[in-house]
Amino acid sequence: MTLQASGGGIMLAIVIMALTTYLTRAGGVFVMARVPIGPRVERFINAMAGSVLVAVITPMAVNGDWGARMALVATVGVVLLVRKPLPAITAGILTAALWRLVFQG
Amino acid sequence: MSQDNASRPTFHHLVSGFKRMAPLSMFVIVFGLAFGVAALQQGLSGLETLMMSGLVFAGAAQFATLELWGDSIPLIPLVAITLAINARHLLMGAVFYPNLRDLSAPKRYASLILLSDANWAMAMTGTTPAERLGILIGGGVALWTTWMIGTGLGVIFGSAISQPERLGLDAIMGCFLLAMLVGDKRDLGVLVPWSAAALAALAAMTWLPPHAHVIVGALAGGIVGLLMPDRRGEIDS
């Protein structure tokens, strides 16, 4: 199945892509509204909440350069120290920039 | 009913969520700009590029499907790649569901229109359902606005920042999500499901098709969390 770009095909494809994306945003809620949430389901989704982010971040640490890895280390260090996200993110970005400045000149 | 009102966000909650996300959302301008430039180079018009950013509002999927936009557009790869990359939203929505339980169906599904990684992650740090909903929706509006501003700047001015990685800007999303993840958690028990999630994601990156790692990692972490003994002793099931 292909759409021709001319004659509104691109707009139709954009709308299809947008609807597909919205289905992923709404789908999890649609299912959960029909599942009885007992303590086991609750523990599952609580553990999954952090795990989603861990799984999103993992390739950044694995595929990234040492600047990106040190940025993640700095972020964790600062957020554990001061418990505020913005200083931690700032420290991470600065670390990546400085690391690359020094080691990749 | 009054107990329902406690979980319904007021206008104040939305404004507060918008303000909390506003500083970070400034960085999204850079990503939007990069997308605007890349989409024009792929042959999309400025209007089409803006429509895509506005309606789809999913940067990773928009970048990943860019090469499909030619004289003819293959629909099945377009939908398949979009589904694979955005499937993490299914899990994020499922996790967020308890905050939407007391809303009517139209409000519930309207609240999810702007769900994305950053506002979901920040919303999960909220303490009440109303606060979390305020961050999800208000923060989503902040991110959408800057994403559109960035896309528009990219369409108009072209490549202003040629090497965002030199400035460390590529590290923003990882650092942000990590800061949200760690937050003020001091319970080492979370390291068990998180380690399982990281290992499963690594295994999926090695052996499974692209983009499967988020779902595999998240489900592995969830299952390990389910199997762990509940140390608070509140649940005897």
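How many of the residues of helix α10 (residues 172–182) of chain B are buried? Eleven of its eleven residues are buried, and the helix is mostly covered. A residue counts as buried if 20 or more other C-beta atoms, placed from the backbone, lie within 10 Å of its own. Helices here are DSSP runs of H or I with at least four residues, numbered from the N terminus.

The model is predicted: local features need pLDDT of at least 70, side-chain atom pairs count only at pLDDT 80 or more, and totals for chains, interfaces and linings use all residues. Residues are numbered from 1 along each chain as its sequence is written, and chains are lettered from A and ligands numbered from 1 in the order in which they are written.

**Surroundings of α10(B)**

The buried residues of α10(B) include B:Ile172, B:Phe176, B:Met180 and B:Val182. From chain A, the buried residues of α10(B) pack against α2 (39–63), α3 (66–82) and α4 (85–103); from chain B, they pack against α2 (11–41) and α8 (117–123). Just after α10(B), B:Gly183 has a positive phi of about 45°.

**Helix α2 of chain A**

**Annotated spans**

An unreviewed UniProt entry places "transmembrane region" at residues 6–23, 44–62 and 86–103 of chain A. For chain B, the feature, also from an unreviewed entry, is at 21–44, 133–161, 167–183, 188–205 and 211–228. Such annotations may be inferred rather than shown by experiment. Some of these spans are listed below.

| Span | End C-alpha separation | Helix and strand |
|---|---|---|
| Chain A, residues 44–62 | 26 Å | 100% helix, 0% strand |
| Chain A, residues 86–103 | 26 Å | 100% helix, 0% strand |
| Chain B, residues 21–44 | 30 Å | 88% helix, 0% strand |
| Chain B, residues 211–228 | 27 Å | 83% helix, 0% strand |

**Domains of chain B**

Chain B is divided into domain 1 (2–184) and domain 2 (187–237), with bounds from an automatic or database domain assignment. Five residues of domain 1 of chain B are in contact (C-beta atoms, placed from the backbone, within 7 Å) with four residues of domain 2 of chain B. On the side of domain 1 of chain B that touches domain 2 of chain B, α5 (75–86) and α6 (88–96) of chain B each supply at least two residues.

How values were computed: A residue is buried if 20 or more other C-beta atoms lie within 10 Å of its own, exposed if 12 or fewer, and partly exposed in between; C-beta atoms are placed from the backbone. Two residues are in contact if their C-beta atoms, placed from the backbone, lie within 7 Å.
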